[in-house]
Amino acid sequence: MNREIREAIRYLGYGRHAIDEQTLALVECSMEELKAKVRERFIYRIFELSQKDGVLQIGDWTIESKGLSRNLKGCGRVAAFAATLGTEADQMIRRASVMEMAKAVVLQSCAAALLEEYCDDCQEEIAKELSCEGWYLRPRFSPGYGDFDIRHQEKLLALLQADKKIGLTMTKSCMLTPTKSVTALIGISREQIPCHRQGCEVCEKADCLYRRA
Ligand code: SF4
């Protein structure tokens, strides 16, 4: 069983309980359908970063967030990042919710797992490029996470010209459209720390100074 399937099952709430064969088959077939139809895209831009007393400055953009400041400690640069599965995933889920609710729920979980995996792949690609110049990435940190106000979503999208470049916008209540999308800031530092591909939640480095919490 690959990681996307495992994660989709976890999102469905099976946790440590075994999944029945019928549901597993539905998850596997939904994942295949999604992969065949979605058109993933991502974009990133790198900015200089300065910070003082929990206040971060990226050009004319000021962010007050203790959680983000801790995660970005020691970072001289930051990548603004956005990724999306596109409108196809939303359409598939919408269609299924009319015809077959169980399938819609499974598709939701599969899309969430697929998006996370895609973001991890993108981040690995960015990390590879930057490591040649001696820069290293921290885990991504999204608006709405901890005390990083979700309203910063607007500035992040604008800096990336995400609408024009990858068709990603937001509603008045800061929800992303298409919904299966992610925006984030990713710290860039000269210090190489052994970050887990899936981020701080699964990282075993319990005493890490930069942990997202
Ligand atoms: S807790 Fe782990 S993943 Fe998170 S910043 Fe520290 S080393 Fe990286």
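**View 1. Salt bridge between Arg-3 and Asp-120.** The side chains of Arg-3 and Asp-120 form a salt bridge, 3.0 Å from N to O. The pair ties together distant parts of the chain, 117 residues apart: Arg-3 belongs to helix α1 (residues 3-11), Asp-120 to helix α5 (residues 101-131). Helices (H or I, at least four residues) and strands (E, at least two) are DSSP runs, numbered from the N terminus. Across the whole structure, 17 salt bridges are found (side-chain nitrogen of Lys or Arg within 4 Å of a carboxyl oxygen of Asp or Glu). The model is predicted: local features need pLDDT of at least 70, side-chain atom pairs pLDDT 80 or more, while totals for chains, interfaces and linings use all residues. Residues are numbered from 1 along each chain as its sequence is written, and side-chain values use heavy atoms, without hydrogens and water.

**View 2. The largest cavity.** This cavity holds about 110 Å³ of space (filled by probe spheres set on grid points joined across faces, edges and corners). A cavity is a set of points, on a 1 Å grid over the protein atoms alone, where a 1.4 Å probe fits but cannot get out; lining residues have an atom within 4 Å of a point. The lining counts 13 residues, with Ile-193, Cys-195, Cys-200, Cys-203 and Cys-208 nearest the centre. The ligand sits here (more than half of its atoms within 2 Å of the grid points).

Methods. 1 Å grid on protein atoms, 1.4 Å probe; cavity = no way out; pocket = protein on both sides within 12 Å on 5 of 7 lines; lining within 4 Å.
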